[in-house]
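Visitor: Hi! Could you walk me through this one? I'm new to reading structures.
Guide: Happy to, let's look together.

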Amino acid sequence: MSEIKHVLGISGGKDSAALAIYMSQKHPDINVEYYTCDTGKELTETYDLINKLNSVLGKNIRLYKSIDEVNSPEGNPFDHFLAMYGGYLPSATSRWCTGKMKLEPFEKEIGDNPTISYVGIRGDENREGYISKKENIQSIFPFRKNIWSEDVIKKFLSNTNIDFVKSEYEKHTNSGNIELILQYVNQPISTTYTQKQKLNALLDTNVKLFNKVVFQWLKTTDYPVGKLDSFSLIDNDEVLGIDAIFKILDDSGVGIPAYYKPIEYEVEIDGEVKHGTYSRSRSGCFFCFYQQKIEWVWLLEQHPDLYEAAMVYEKEGYSWMEESLEVLKKPERVSAIKKEHYIRMNRNKLKAKTATSWQDEILESEGEGCASCFI
Ligand code: SF4
């Protein structure tokens with residue numbers, strides 16, 4: 001049905017870039033609108049990635065604007081909203097930046113149209129990602145074994161829906177393990193049989209069949225997927241982790257965003273010179289407060305102009321973290337941060353008992369953050 005809109009937000013990070021390529025190659029039947037929300041403060045590497053994706057996807061990535069830049073005295077979204085907030089820098093506990101520059105323009109563009117939003121949470125991650133509060137927007141996670149959002153699963157597996165699920169399974173399966181499946185379906189969720197256990201049991205028996213039954217149930221609801229005649233993702237049982245993501249980017253020619261590449265640094269520990277590596281683990285604004293200290297050191301040494309630009313925002317008691325950038329850039333602090341990072345990384349390598357790769361380091365450091373900016 002043509003009135004359902006399909007959208008995919010590209011943050012500049014590896015996962016959303018890989019998802020865009022994946023959807024265009026594996027599900028060309030779905031007419032996806034690719035979009036990005038520019039804060040005006042992204043790294044050059046992010047803009048390079050979006051340009052490369054434009055040619056690989058064969059269609060233009062739309063810019064969902066948060067401000068009218070021509071008529072804003074500040075000329076770019078971040079500075080515009082910072083002025084509006086009286087110079088109050090965003091932080092993990094007061095994150096006005098994502099709301100104003102990512103979520104509001106997204107929801108404004110979508111309006112009241114039934115919309116399916118594809119989100120690049122990987123199969124090896126344990127987080128849910130952004131779920132819009134608006135009922136006309138449904139999130140789908142194509143890289144995960146469970147492609148459905150938490151709210152869908154909660155309603156679908158609720159004890160009051162058991163009869164429906166049972167009858168749909170009976171209609172759609174001729175497989176030999178129907179008795180086992182029905183045993184899982186019939187068992188109500190309780191303190192000893194959780195929603196997660198029930199979900200995993202059903203997914204483990206047959207992902208495609210599970211998706212088919214969910215699809216039938218969605219047809220009885222107002223969810224956008226339920227308004228479709230067919231949905232090719234229900235026949236998808238691939239689960240993609242970080243290695244698969246890097247492969248998609250490499251194979252497509254888009255490549256891995258340059259800031260993920262490890263760069264060697266030297267640090268003196270107990271009179272010995274050691275060689276560690278650092279990189280940036282996330283896309284988003286160059287001054288993002290979610291950065292780890294070692295990422296600030298990376299910015300200082302690899303993009304000193306951007307570090308200086310980030311420092312300019314720190315005034316009148318406002319800083320990006322508990323330690324000001326003026327203090328962090330002192331050579332003794334830089335050495336201490338590298339030393340702590342080197343020791344932690346080597347401890348992790350010893351714990352893993354196998355060589356850890358730079359992909360492992362990204363996995364380790366990407367944990368905290370904002371799904372809208374870093375996926
Ligand atoms: S990257 Fe960081 S600073 Fe920029 S909008 Fe996202 S959360 Fe805010």
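**The sheet and the core**

Guide: Let's start with an open sheet of 5 strands, in the order β3-β2-β1-β4-β5, with parallel pairing. Strands (E, at least two residues) and helices (H or I, at least four) are DSSP runs numbered from the N terminus, and two strands pair if DSSP finds at least two bridges between them. This is a predicted model: local features need pLDDT of at least 70, side-chain atom pairs count only at pLDDT 80 or more, and totals for chains, interfaces and linings use all residues. Residues are numbered from 1 along each chain as its sequence is written.

Visitor: New topic: which residues touch the most other members in the largest nonpolar core?
Guide: L8, A17, L19, A20 and Y118, out of 46 residues. Such a core is a set of buried Ala, Val, Leu, Ile, Met, Phe, Trp, Tyr and Cys residues joined through C-beta atoms within 7 Å. Buried means 20 or more other C-beta atoms within 10 Å of a residue's own, with C-beta atoms placed from the backbone.

Visitor: Which helix gives the largest share?
Guide: Helix α1 (residues 14–26), with 6 residues.

Visitor: Where does this core lie, and why?
Guide: Domain 1 (5–149 + 236–252) and domain 2 (150–235) both give residues to this core, so it lies between them. Those bounds come from an automatic or database domain assignment.

How values were computed:
Buried ≥ 20, exposed ≤ 12 C-beta atoms within 10 Å, placed from the backbone.
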